[in-house]
Amino acid sequence: MKNPEAQQDVSVSQGIRLMFYMMKPNETSFRTLEEVPDYVKKATPFFISLMLLELAVSWIRKGKPPGRVDDSLTSMSAGILSRLPRLFSRSIELTSYVYIWENYRLIGLPWDSPWTWYLTFLAVDFGYYWFHRMAHEVNIMWAGHQTHHSSEDYNLSTALRQSVFQVYTSWIFYSPLALFIPPSVYAVHLQFNLLYQFWIHTEVIGNLGPLELILNTPSHHRVHHGRNRYCIDKNYAGTLIIWDRIFGTFEAESEKVVYGLTHPINTFEPFKVQFHYLIYIWTTFWATPGFFNKFSVIFKGPGWSPGKPRLGLSEEIPEALSQVTLLLRVCFILLTLTSIGLLLDQRPKAALVETLRCLVFLTLWRFGHLKPFIPSLSLAFEIFFSICTAFWGVRSIKQLASGPWK
Ligand SMILES: [Zn+2]
Ligand SMILES: [Zn+2]
């Protein structure tokens with residue numbers, strides 16, 4: 001029997017709830033896969049409305065749009081491109097799932113039980129966490145997923161920047177669910193999980209207090225999109241952030257996030273956005289000597305090369321400088337050059353300026369705006385600059401005591 005409360009059409013209030021995973025089991029349980037609505041398609045007007053709302057809020061608050069037009073158009077074209085294969089056939093995520101369900105299922109949970117609904121919510125989200133984590137840790141999977149990370153702006157349009165061939169690997173992570181969860185229930189949650197991830201791609205929402213403990217939020221997902229070192233390989237969650245907290249990949253938002261790939265692609269060409277990394281893997285594969293190394297090029301992390309650990313070396317990730325850090329570094333360089341000039345001139349106030357420079361150095365160092373070239377020499381550097389501060393400090397005091405400056 002059909003579920004009388006489940007509807008094919010989506011009302012406005014349902015549409016809004018749809019974007020936040022606030023649907024109830026009884027209104028979204030279906031007996032067959034064919035009855036399951038194309039929620040993602042039905043959400044299109046809500047994608048557009050929320051993007052316009054974000055634009056308005058950003059204009060009012062900051063006096064500027066939340067991103068660039070060219071970047072947003074590239075994201076939207078990636079979104080459209082990624083949906084095109086579905087015009088011709090059911091997605092591989094569903095085809096493979098139905099095949100396993102029909103041939104290998106162990107038990108069939110009841111499609112109309114709220115328990116099945118909630119269990120599937122957790123199971124799909126858990127599957128998403130591992131798929132997403134592997135999409136960052138396995139080079140050939142990253143070739144698909146990197147598309148989503150190639151935007152250097154962070155706004156709702158970024159959510160639409162989807163890969164064309166990511167689904168060819170993601171289905172593997174959901175296939176164990178086909179041993180006991182009916183395809184119709186899985187198809188509903190697969191869409192809800194994707195739709196939930198739309199609203200978290202924004203800078204207009206700050207910290208959400210206690211919700212940050214359980215849910216994946218804009219703040220958590222901003223970290224995921226960052227190329228600052230503290231952001232790399234963190235916060236893989238889809239809906240619940242608990243998976244990152246459990247498996248040790250959680251990182252809270254701290255210093256300002258700089259978005260995009262560690263090696264920016266600098267292009268708006270839709271096919272390059274989708275496929276450039278596959279070409280990169282292909283050339284690296286042939287340029288790397290040895291069978292096992294070639295194998296590793298495909299299956300180890302994007303940062304791997306012969307002789308390095310599986311996920312590469314974190315110190316090799318290029319620094320993403322925040323505007324503040326950049327400005328402070330420029331000021332420090334100017335102060336250094338001034339100080340050198342004064343010392344060469346043997347001016348009396350050189351000692352005082354050099355003391356000041358050493359103090360500024362130590363402060364910037366402490367707050368992470370300056371970093372050593374060789375990390376293991378960090379402490380030695382700090383001691384050396386403390387001695388310099390003391391040395392020049394004493395000279396400044398002597399200078400001050402000995403008479404007026406010229
Ligand atoms: Zn990602
Ligand atoms: Zn994202």
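Colleague: Why is Phe173 called partly exposed?

Modeller: Its relative accessible area is 22%. Buried means under 20%, exposed over 50%, and partly exposed in between, with a 1.4 Å probe and protein chains only. So Phe173, at 22%, is partly exposed. This is a predicted model: local features need pLDDT of at least 70, side-chain atom pairs count only at pLDDT 80 or more, and totals for chains, interfaces and linings use all residues. Side-chain values use heavy atoms, without hydrogens and water, and residues are numbered from 1 along each chain as its sequence is written.

Colleague: What makes Phe131 buried?

Modeller: Phe131 has 2% relative accessibility, so it counts as buried.

Colleague: How do you know that Phe131 and Phe173 form an edge-to-face pair?

Modeller: Rings of Phe, Tyr and Trp (its six-membered ring) pair if their centres lie within 6.5 Å; planes under 30 degrees apart are stacked, over 60 edge-to-face, the rest tilted. Phe131 and Phe173 sit 6.0 Å centre to centre, with 65° between the planes. So the pair is edge-to-face.

Colleague: What does the pair of Phe131 and Phe173 tie together?

Modeller: Phe131 lies in helix 6 (residues 114-137) and Phe173 in helix 9 (residues 167-174), so the pair links parts 42 residues apart in sequence. Helices (H or I, at least four residues) are DSSP runs, numbered from the N terminus.

Definitions and conventions
Chains are lettered from A and ligands numbered from 1 in the order in which they are written. Helices (H or I, at least four residues) and strands (E, at least two) are DSSP runs, numbered from the N terminus.
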